[in-house]
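I opened this entry to look up the pairing of charged side chains. The notes below follow the order in which I looked.

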Amino acid sequence: MNRAVWLAILAVLLVGMPWVAGEFYVNLTSQILIAAIFAASVNLLLGYGGLPTLGHAAYVGLAAYLSAWLYLKLGLAHWITAPIALAGTTLMACAFGLIALRATGLGFLMLTLALSQVLWGTAYRWVSVTDGDNGLRGLTRPAPFGISLDGATEFYYFALVVTVASIWLMAKFVDSPFGAALRGTRDQPRRMSALGHDVGMIRWVTFVYAGFWGAVAGLLFVYYHKYIHPVSFSLTNSAEGLLAVIAGGSGTLGGPIVGAAIVMILKNYVSTYIERWNMLLGFVFVVIVIFMPDGVVPGSRRLLLRWKAAWWRKK
């Protein structure tokens, strides 16, 4: 079957899922959708730009905190807090990009981690704004066009629409001429520079764009939980996004989505049966790296092609 058929089947499954699944699975899928946006934004840097980051949770946390603080402390409506949170987080990504992109490889990785940890420490210590370790509580979900999102099904469809739009826009970004230039800076930065491309600017624009989608994931995150805590800035959250991209397949559109599903299922479902679920996550990751070093999606595609070739030879 071609890609259009598979996409149609997937669309039917996603739209019909709340009608056949219980509330637990609807909520779990909502969390997977949020994680998929986050992982896809990490993939813009890692998979297409060759820039590994361990600080991407900064954008999730800042967007969530800005939205929550404006709502709780200033009493602003969600339709005002959301664009302000997105704009503020994107501006921070602009500044962070100017700092982090002074290095590449391990240096870039450490700078993104350091910048994220600055926000993590600030969230814990600036108690008058963030309520410290207690976090910000008493939040509500928005009601776009008068539709309440308090129910699991309603929020699921809202998250699904946002996720589809987000993935589609990121796909358009990487399939554009700019995306081709971005992949060129990943593979041959010196040659791209010699050809007249501004490698630094290409990477900076991608860094800011990835930060924006991290902020979108942050808004969905705080709307889902109706609570935000400094742990949202943590290294663990950034590492989970990076792990999802590597496990699913970096540099692919479907890889981060599959990787996010693997991580969230192990985190939210398997953890109810296994106390040390993170050890199982590590084991699963090791197995993926050994048997499918380029990720689940590219590895599965390669195995499928081998199976088809063997089947045709037998015929």
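I began with Arg 302, which is partly exposed at a relative accessible area of 28%. The model is a predicted one.

I then looked up the partner of Arg 302. Its side chain meets that of Asp 294 in a salt bridge, with N to O at 2.8 Å. Asp 294 has a relative accessible area of 33% and is therefore partly exposed, as this lies between the 20% and 50% cut-offs.

I next asked how many salt bridges the structure holds. The count is 3.

I turned to the salt bridge between Lys 267 and Glu 240, where the closest N and O atoms are 3.2 Å apart. I noted that this pair links distant parts of the chain, the two residues being 27 residues apart. Lys 267 lies in helix 12 (residues 255–268), and Glu 240 lies in helix 11 (residues 235–248).

Is Glu 240 buried or exposed? I found a relative accessibility of 13% for Glu 240, so the residue counts as buried, being under 20%. For Lys 267 I found 28% relative accessibility, which counts as partly exposed.

I recorded Asp 187 as partly exposed, with a relative accessible area of 47%. Arg 186 also counts as partly exposed, at 31% relative accessibility.

Terms used. Residues are numbered from 1 along each chain as its sequence is written. This is a predicted model: local features need pLDDT of at least 70, side-chain atom pairs count only at pLDDT 80 or more; totals for chains, interfaces and linings use all residues. Side-chain values use heavy atoms; hydrogens and water are left out. A salt bridge is a side-chain nitrogen of Lys or Arg within 4 Å of a carboxyl oxygen of Asp or Glu. Buried means under 20% relative accessible area, exposed over 50%, partly exposed in between (1.4 Å probe, protein chains only). Helices (H or I, at least four residues) and strands (E, at least two) are DSSP runs, numbered from the N terminus.
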